[in-house]
Amino acid sequence: MTMASNPGQTGELLLSVENVDVGYGHVGVLEGVSLSVRRGSIAALVGRNGAGKSTLLRAISGLLTPSRGRIVFNGRTISRDKPHVIVGAGLLHVAEGRRLFRAQSVDDNLELGVYGLKLDAADYRRRLARVHELFPVLEEKRGLPAGALSGGQQQMLAIGQAMMREPVLLMLDEPSLGLSPLLVDQVFAAIMALQQAGTTILLVEQLVERALEIASEAWVLQNGRMIASGPAAQISASDELRAAYMAAR
Amino acid sequence: MDIDILARGLVAGSLYALVAVSFNILYRPTNVFNFAQGELVMLGAMVFASLATVLGWPWYAALIVTLLGVGLLTLLIDVVAVAPVLARSQHGTGWVITTLAASLIIANGVNRIWGPDPIVVRPPAPLTTDTFSLAGMTVSAYQIFLVLLTIVLVLAIEQVYRTRQGKAVLAVAEDREAALLRGVNPLRLSHWSFFLGGAFAGLTGVLAAPVLYASTGLGPALLLKGFAAAAVGSIGNNRGALIAGYLIGVTEALGASLLSPGYQEAVVFLLVLCVLLIWPHGLFGRPFARTV
C-alpha cells in the first residue's frame, strides 16, 4: 500500500504507538501493541469487548502509563506525559460513556472544552458558532445541565466540546453507543465533517461496518494483541478477521 | 426565654459557616478534609491580633499579611502533607493523619510563640463591640456586621465557581478523570484551592477575634463545629453550610440557655447526629447526583 505525500503533509505519521505493554497494576492488558495514524485520516480500531481498545486509548491519552514501548505524537514522545500535557499538545480523547460534567450547563461544558487555551472572544464565538451550526440542539438547550440532555444530545455535546478545542487528533471511544439509528447517522456525519475540516480521527466503534466505511485504515485488536492492520476495505472484506472483531451474538 | 440567644447563635453560627466554607473550598478539587483548618483559623486570629493590637499596624495591612501568610502555609500543607499522599493513591486516606499532624504542629508552634493568654482585638472604627438594643436583643454593631459579611462572603465564594478555573474545580469534583481528559491539571487547581481555603480560614480567624478573643484554644472548637456545619449542610455545598452554621449556632445557644452551658456541646452534636442519621448526605442532598 502506498500513500502519496501531499503538500499539506497528509499521509505523514501523526501518531505512532510502538510495541507497548499496558496493564492495571500487575494485570497485563496489552502486550507489544503497535498502531499508527496518518495525519488527516480516519483510522478505526476494532475488536471485541475486552480486547483492550479502551485501554489503548487510555494509554495514549496518558491516563495509563505503558510499562514498555513508546508513544510518539506529532514528532514528540508522550508515553510518560501527564494527561493535561497531552491534551495541550493537541491530542484529545472523548472517553466511552461521554463523561460530561452533568451538573454543569451545556454552555459551561463547551467552555470547559477550551480549558487552558487562551482564546480571544471572537475566536471563542467562532468556535461556538461552528458547534451550534453542526448541532443546533446545543444552542437550544444551552442553559440546561448536561445531565438533563438525552443520550444522543449528550453525545453531540461531547463531540461539540471536543470540537471547541480544535484538536490535531481526536480519539472517539464508542460515539454511537446507545443511540438511535437516526442519531448514529448524525454522529457519523459529524465525524466526517471534522475530518474534512482537517482533524485526524482515531475511532473505536461497536458499529464496525460503519466505522470501516468511513475509515481509511483499520487496526484489529484481539485479547490485547494487534492481530491485523491495513486498508479498511481489506479488513472489512476478510471473513477471517470478521470473526475476530464481531461480537459473538 | 431570652431573645439574645438568637443574636448569640447567629454570630457563632456565622463563624461555623465560614469554617465550613473553608473546608468545602479545599474539599471540592481534592476530596480531602484538611483537619488543620481549625488551627489555621486560630493562627489567623493570633497573627492578626499580634500585628494589629500588639504591634499597632493598620488593620488592612495586618489583614493582608494574615491572609497571605495563612494562605501560603496552607499551600505548604498541600505540597508537603497532602499532594504526596494523593500521588501514591488517589483514593488513599493517609491525608487524615498527615493533616492532623499539620494541625498539631501548628497548635504546638503557636503555643510556644504566643503562650496561652488571649489577646483582645478591637474591630476597626466605626465598628465597635459596644452593645445596644435592637428589637429587644442586645447586639453590637460588630455582630451585625459579622452576620451580614458572612452572607456576602459565601455568595462571593460561589461567584468564584462561575469563573473558568472555578468550573474546572467543579469538573474535577464531579469526575476527576473526565476533567483530566479536558486538559485540567488537578494539582494546580488543588494548590490554588488550598491557598484560597487557607486564606479564607485566616479571614475567619480575623473575624472571630473581636468576638471570641484571639487565643490558642480557638482551633479545636471551630474545627469540630465547622466540620459539623459542612456535614449538615452537605459537603461541598456552601449555601448549605451557611444555613447549617446558623442552625448549629442557634441550637448551641438554645442548649446553653435552656439546659446549661455545660450541655451546649452535647445538644449540638445530638442535633448533628439526628440530622445525619435521617439525611446521611446532609440537609441539602448530594453535591453532585450522578446517575450511572
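A: Two strands count as paired if DSSP finds at least two bridges between them.

Q: In which order do the six strands of the open sheet in chain A stand, and what is their pairing?
A: The order across this open sheet of chain A is E6-E7-E8-E3-E9-E10, and the pairing is mixed. Strand E6 (91-94) and strand E10 (225-231) of chain A stand at the edges with a single partner strand each, so one side of each has no neighbour in the sheet. Going from one strand to the next, the twist averages 15 degrees.

Q: Which strands does helix H1 of chain A touch where it packs on the sheet?
A: Helix H1 (residues 53-60) of chain A touches strand E3 (42-46), E6, E7, E8 and strand E9 (217-222) of chain A, and its direction makes about 150 degrees with that of E7(A). H6(A) packs on the sheet as well, touching E6 and E7 of chain A, with a direction that makes about 170 degrees with that of E6(A).

Q: How should I read the pairing of two strands, and do E7 and E8 of chain A run parallel or antiparallel?
A: As a general idea, the side chains in a regular strand alternate between the two faces of the sheet. Here, strand E7 (residues 169-173) and strand E8 (residues 200-204) of chain A run parallel and are joined by five bridges, and Asp173(A) stands opposite Val204(A) in E8(A).

Q: In which sense do E9(A) and E10(A) pair?
A: E9(A) and E10(A) pair in the antiparallel sense, over six bridges, and Val220(A) stands opposite Ala228(A) in E10(A). These strands, E9(A) and E10(A), form a hairpin with two residues between them, and in the turn Asn223(A) has a positive phi of about 45 degrees.

Q: What is the order of the open sheet that four strands of chain A form?
A: The order of these four strands of chain A is E2-E1-E4-E5, with antiparallel pairing. Strand E2 (27-38) and strand E5 (76-77) of chain A stand at the edges, and because each has a single partner strand, one side of each is left without a neighbour in the sheet. Within it, strand E1 (residues 13-24) and strand E4 (residues 68-73) of chain A run antiparallel, joined by five bridges, and Val17(A) has Ile71(A) in E4(A) as its bridge partner.

Q: How are two packed helices described, and at what angle do the axes of H6 and H7 of chain A cross?
A: In general, two packed helices are described by the angle between their axes and the distance between the axes. The axes of helix H6 (residues 151-165) and helix H7 (residues 181-196) of chain A cross at roughly 5 degrees and come within 10 Å. Angles under 35 degrees count as roughly parallel, and therefore H6(A) is roughly parallel to H7(A). On the H6(A) side, Gly152(A), Gln155(A), Ile159(A) and Met163(A) meet Leu183(A), Val187(A), Ala190(A) and Leu194(A) in H7(A). The residues of this contact of H6(A) with H7(A) are six nonpolar, two polar and no charged.

Q: How many residues of chain A are in contact with chain B?
A: The size of an interface is often given as the accessible area lost when the parts come together, but here it can be described by residues. In this model 19 residues of chain A are in contact with 17 residues of chain B. Helix H2 (83-88) and helix H3 (106-112) of chain A each supply at least two residues of the side of chain A that touches chain B, and the largest share of that side, four residues, comes from H2(A). By class, the side of chain A that touches chain B holds eight nonpolar, seven polar and four charged residues.

Q: How many helices and strands does each chain have?
A: Chain A has 10 helices and 10 strands. Its radius of gyration is 18 Å, close to the 18 Å that the globule rule gives for 249 residues, so chain A is as compact as a globular protein of that length. Chain B has 11 helices and two strands, and along the sequence chain B follows the pattern α-α-α-α-β-β-α-α-α-α-α-α-α.

Q: Where in chain A is the pLDDT below 50?
A: Where pLDDT is low, the predicted coordinates should not be read in detail. Chain A averages a pLDDT of 90, with 95% of the residues scoring at least 70, but over residues 1-8 of chain A the pLDDT is below 50. Chain B averages a pLDDT of 91, and over residues 288-292 of chain B the pLDDT stays under 50. The model scores ipTM 0.89 and pTM 0.87.

Methods. Residues are numbered from 1 along each chain as its sequence is written. Chains are lettered from A and ligands numbered from 1 in the order in which they are written. This is a predicted model: local features need pLDDT of at least 70, side-chain atom pairs count only at pLDDT 80 or more; totals for chains, interfaces and linings use all residues. pLDDT is the predictor's confidence in each residue, from 0 to 100. Two residues are in contact if their C-beta atoms, placed from the backbone, lie within 7 Å. Axes are lines fitted to C-alpha atoms, for helices over the stretch in contact, and angles run from 0 to 180 degrees between N-to-C directions. Angles under 35 degrees count as roughly parallel, over 145 as roughly antiparallel, 65 to 115 as roughly perpendicular and the rest as oblique. Ala, Val, Leu, Ile, Met, Phe, Trp, Tyr, Cys and Pro count as nonpolar, Asp, Glu, Lys and Arg as charged, and the others, Gly among them, as polar. The radius of gyration is taken over C-alpha atoms; the globule rule is 2.2 Å times the number of residues to the power 0.38.
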